[in-house]
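Thank you all for making time this morning.

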Amino acid sequence: MSQEDGEETEFYAEEIDDPVEVMSKQGKTIFNFSIMNPDLTTLKRLFGGEVASNVWAYPDASTQIEESLIILPRKGLKFSVPRAKIKAKLNGEFSKKGLLLVEVTATAMKPNTEGLKKLYVGLVNPK
């Protein structure tokens, strides 16, 4: 997980050296993770395309994929993202020691549902 730096825009009056107004904008929240040895359904879900007769067909054009995301570690904090833009790419090493990986980048977006926030953080094992 990473958060980009926010952006600040300063507004000045001609006769004053200090800013008279500062507008702030949050940076994006991004989750990066890898899925090892994906099945055909996972490939379709992350890239689009079609699955038929146990074969996944890569899509002809770039597909806009959005998913909800929950990151649930064994302990610590749980992260829930109601709406995330998904970008995925294949990364395979074809050797005795290699695995096929799908590298996923999920960018938290403003939910379409009124009242939902873009990110929720809770305890994995609340006491």
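I will begin with how to read the model, then turn to the core, the helix, the aromatic rings and the pocket.

This is a predicted model, in which local features need pLDDT of at least 70 and side-chain atom pairs count only at pLDDT 80 or more, while totals for chains, interfaces and linings use all residues. Residues are numbered from 1 along each chain as its sequence is written, and side-chain values use heavy atoms, with hydrogens and water left out.

Buried here means under 20% relative accessible area, exposed means over 50%, and partly exposed is in between, with a 1.4 Å probe and protein chains only. This core has 15 residues, and those that touch the most other members are F31, L46, F47, V81, I86, V102 and A106. Two or more residues come from each of α1 (40-47), β7 (65-71), β8 (77-92) and β9 (100-108), where helices (H or I, at least four residues) and strands (E, at least two) are DSSP runs numbered from the N terminus.

Which residues of α1 are buried? They are L43, L46 and F47, and they cover an arc of only 80° around the axis, which puts them on the same side of α1; the arc is that of the directions from the helix axis to the C-beta atoms. As a general point, an α-helix has 3.6 residues a turn, so residues three or four places apart point the same way. On the other side of α1, T41 and R45 are exposed. The buried residues of α1 are covered by elements that include β4 (29-36), β6 (55-57), β7, β8 and β9. If we leave aside its neighbours within four places in sequence, L46 is in contact, meaning heavy atoms within 4.5 Å, with I35, I65, I86, A88, V102 and V104. Just after α1, G48 takes a positive phi of about 90°.

Now to the rings, where the structure holds four aromatic pairs. Rings of Phe, Tyr and Trp (its six-membered ring) pair if their centres lie within 6.5 Å, and planes under 30 degrees apart count as stacked, over 60 as edge-to-face and the rest as tilted. F31 and F79 form an edge-to-face pair, at 6.0 Å centre to centre with 65° between the planes, and this pair links distant parts of the chain, with F31 in strand β4 and F79 in strand β8, 48 residues apart. Both F31 and F79 are buried. W56 and Y58 also pair edge-to-face, at 5.3 Å and 70°, although W56 is buried at 15% relative accessible area, whereas Y58 is exposed at 52%. Together with F47, these two residues form one aromatic cluster.

Finally, the largest pocket is lined by 13 residues, of which L46, F47, S62, T63 and A88 lie nearest its centre. β8 gives the most to this lining, with four residues. A pocket, on a 1 Å grid over the protein atoms alone, is an open set of points where a 1.4 Å probe fits, with protein on both sides within 12 Å along at least five of seven lines, and lining residues have an atom within 4 Å of a point. S62 is found in the loop between β6 and β7, and at 73% relative accessibility S62 counts as exposed.

Note on methods:
Core = buried A, V, L, I, M, F, W, Y, C linked by side-chain atoms within 4.5 Å.
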